[in-house]
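Here is a friendly walk through one model, with the geometric criteria spelled out along the way. Have a look at the structure, and then we will go through it piece by piece.

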Amino acid sequence: MPSYRENTRQIIYYLTNSAPGTNMNGIDDFKTGGGIIIVNDFVLEGEVPIPGLKNLASDNYFFTDLSENFINSLGLFCEANCYCDPNHHPFNDDKVSPRTEANRGCFHPVNNGIPFEKARETCHKTNSNLVSIHDADKEYFVSSVVAIFGSKKKYWIALENDGTNWVWDDKSTDPFNDWDKSTNQPNTNGGKLMCAYAVNTQGLNVGWY
């Protein structure tokens with residue numbers, strides 16, 4: 001299993017109720033270089049947050065309510081380091097967490113034209129999976145990533161017919177689908193076509209086959 005320790009983000013955690021100094025050059029350089037600064041302004045009853053501390057924190061990493069729950073504080077270290085390898089595309093949904101770069105996963109398109117089972121096996125060897133698509137937002141994201149290979153490029157999705165039903169590799173039962181109705185999909189052609197693929201049919205519009 002590959003190690004990405006060398007890419008781990010550096011984090012500074014402040015638990016304080018004192019105003020920071022006026023020279024912020026080093027702090028700004030730290031944040032520009034990818035470092036994360038978490039600030040927990042230890043606000044006592046009757047006090048107000050210190051404006052300078054909010055400016056010190058990285059975006060979405062300023063808090064005034066973590067003093068009683070240090071488990072939440074520890075969780076922030078995990079969120080700050082939930083990101084993708086440089087060769088992967090992060091899919092983020094701010095509704096899930098505005099702080100986490102890849103809260104809906106990391107994706108790496110591969111243009112090698114191999115059969116479904118070989119593609120699945122190749123993914124598993126890198127601790128990955130074929131892509132599962134359960135909503136329009138993710139479908140749009142995936143189609144935009146695959147678009148680097150040109151228009152109408154076919155790509156496998158993690159959906160296979162078990163002889164009776166279409167089953168996702170992640171065992172999801174979400175009803176979302178984008179079968180191409182103009183060609184009467186899904187159609188296994190008498191059991192000969194049991195694996196699903198997607199195509200950017202026009203622009204980023206997608207059809208499943």
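## A buried serine

S143 touches Y155, N200, L204 and V206, leaving aside residues up to four places away in sequence; contact here means heavy atoms within 4.5 Å. S143 is part of helix α5 (residues 136-146). S143 is buried, at a relative accessible area of 0%; buried means under 20% relative accessible area, exposed over 50%, and partly exposed in between, with a 1.4 Å probe and protein chains only.

## About the model

This is a predicted model, in which local features need pLDDT of at least 70 and side-chain atom pairs count only at pLDDT 80 or more, while totals for chains, interfaces and linings use all residues. Residues are numbered from 1 along each chain as its sequence is written, and side-chain values use heavy atoms, with hydrogens and water left out.

## Two open sheets

Helices (H or I, at least four residues) and strands (E, at least two) are DSSP runs, numbered from the N terminus, and two strands pair if DSSP finds at least two bridges between them. Four bridges pair β8 (residues 195-202) with β9 in the antiparallel sense, and A198 stands opposite W208 in β9.

The other open sheet described here has three strands in the order β1-β2-β3, with parallel pairing. Its edge strands, β1 (11-16) and β3 (62-63), each pair on one side only. β2 (residues 36-41) runs parallel to β3, joined by two bridges, and N40 has F63 in β3 as its bridge partner.

The structure holds five salt bridges, each a side-chain nitrogen of Lys or Arg within 4 Å of a carboxyl oxygen of Asp or Glu. R120 meets E160 in one of them (2.9 Å, N to O). Since R120 is in helix α4 and E160 in strand β6, the pair ties together parts 40 residues apart in sequence. R120 also meets E117 (3.0 Å, N to O). R120 is buried at 12%, whereas E117 is partly exposed at 44%. E117, R120, E160 and D169 are linked in a salt-bridge network.
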